[in-house]
Amino acid sequence: MRSRALRSTRPAHRRTTAAAALLTLSAGLAACSSSGSTPGDDSQAGATDAPGATQAADPVDPVRLTTSFTDAGAVPIDAPVTVSATGGDLSDVRVTSAVGPVEGRVEGGTWTSTTRLEPGTDYRITASATRSDGQAVERTRGFHTVDLTLDEQTFAAVAPLDGETVGVGMPVVVTFDLPVTDRALFEKHMTVTSTPAQKGSWYWLSDREAHFRPARYWKAGTDVSVDLDINSLPAGNGIYGQESRRVDFQVGDANVYKVNAQTHQMQVFSNGKLLRTLPITTGKPGFTTRSGVKVIMEKFESRRMNSETVGINRNSPEAYDIDDVRWAMRLTHSGEFIHAAPWSVGSQGYANVSHGCTGLSTADAGWLYAMSRRGDVVEYTGTDRPMTLENGYGDWNLAPAAWKQGSALS
């Protein structure tokens, strides 16, 4: 559960921006005095002060700065900050904070930030300018960005994990804890690159979940980088990205398991080579196993399986509660697993007797478990019950053209 608190500081690596109207930052950046005047005095000196006195120097206009925000105590983070000057030429602007500098550039006499600001953060502007008399002047000013609660920031959880090695069917899964209304803007800042290069696309299952996959399974040995540049990015409805994320993962061997519910066999392929054919059992009538492409989501050496978690009442003749199911690998949210089923060995290879799971002998299940990882592919055929997109990692059940239509940028 998210803690509901103000965020005033965050890690130094996070990105930055800001924004909105016009404020005179300084009455003047310092002006050179005329001959005989007090240093720093910008008032006009008299023309003469005694017979024979020399003519006083022409007055020098002070350099004045203006910025794009009106309230230095609550600067917005959803638009660039600008700094400009009158009475001189702006040469350099530096904006710094405890979380790092704000990048920007001077063009046409105006400095504009090019990275986003952090909420709830103190910033300092240091501006350098050249007055009309050639004098270089510098002034500093501070500002504070708006404070945001966690109810105003959405955090992105990413799978796979950084450094994880996964199977060729593993999609990039980004889950937001608050809804993203402006999906198109966020997607523009969600980048996936791979070596070797493989084109792919995002698909939004909802305003809280987006998946990325290539047109075909990943190539074995691919290195993948996920860059979510969403810190302080407006998500819509007053919500902003809470933190940018960078995740690098690797794709391992191309493990693809082909299950035929009619022949009751599983063919185990690795990198295109058939390793073994295993006798299995799948769902009996009323509990038909889904056909289609599934992806291993989780692995458990031992797992309790209770029929009530899949909607079978404890008083039903089909009820079960098994404490120690070995070598279990989840395939769907709805409860389909591959696992050891020593109680059905007599039916494996001959009949479908399970409640939808794929059962193997303990020895076969242990062998398969040892070589498998999250993201390995299991392709099912032989039933009239289709796998669906949202029931686990069902991404591969859409053709590439249909998958692209799920992009907010399509």
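In strand β20, I239 stands opposite G236. The model shown here is predicted. The points below start from the sheet around that residue pair, move on to other paired strands, and end with contacts between charged side chains.

**The three-strand sheet**
- Strands β11, β20 and β19 form an open sheet, in the order β11-β20-β19 and with mixed pairing.
- The edges of this sheet are β11 (153–154) and β19 (234–236), each with a single partner strand, so one side of each is left without a neighbour in the sheet.
- β19 and β20 (residues 239–241) run antiparallel and are joined by two bridges.
- In general, strands of a sheet pair through backbone hydrogen bonds, either parallel or antiparallel.

**Strand β17 and its partners**
- Strand β17 covers residues 209–214, and five of its six residues are buried, so the strand is largely enclosed by the rest of the structure.
- One partner of β17 is strand β14 (residues 172–176), which pairs with it in the antiparallel sense over four bridges.
- Within that pairing, H211 of β17 has V173 opposite.
- Strand β16 (residues 200–206) also runs antiparallel to β17, and six bridges join the two.
- P214 of β17 stands opposite G200.

**The hairpin of β23 and β24**
- Strand β23 (residues 265–270) and strand β24 (residues 273–279) run antiparallel, with six bridges between them.
- Opposite M266 stands L278 of β24.
- Two residues lie between the strands of this hairpin, where N271 takes a positive phi near 55°.

**Salt bridges**
- The model has a count of 16 salt bridges.
- As a general point, side chains of opposite charge can pair when their charged atoms come close.
- E164 counts as buried because its relative accessibility is 18%, and buried means under 20%.
- Another salt bridge joins K258 and E379, whose closest N and O atoms are 2.7 Å apart.
- That pair links distant parts of the chain, with E379 in strand β30 and K258 in strand β22 (residues 255–260), 121 residues apart.
- K258 has a relative accessible area of 34%, so this residue is partly exposed.
- K284 and E318 also form a salt bridge, with the closest N and O atoms 2.9 Å apart.
- Here too the pair links distant parts of the chain: K284 is in the loop between β24 and β25 (292–295), and E318 is in the loop between β26 (298–306) and β27 (321–330), 34 residues apart.
- E318 counts as partly exposed, because its relative accessibility is 27%.
- A network of salt bridges links D92, R94 and E138.

Methods. Residues are numbered from 1 along each chain as its sequence is written. This is a predicted model: local features need pLDDT of at least 70, side-chain atom pairs count only at pLDDT 80 or more; totals for chains, interfaces and linings use all residues. Side-chain values use heavy atoms; hydrogens and water are left out. Buried means under 20% relative accessible area, exposed over 50%, partly exposed in between (1.4 Å probe, protein chains only). Two strands pair if DSSP finds at least two bridges between them. A salt bridge is a side-chain nitrogen of Lys or Arg within 4 Å of a carboxyl oxygen of Asp or Glu.
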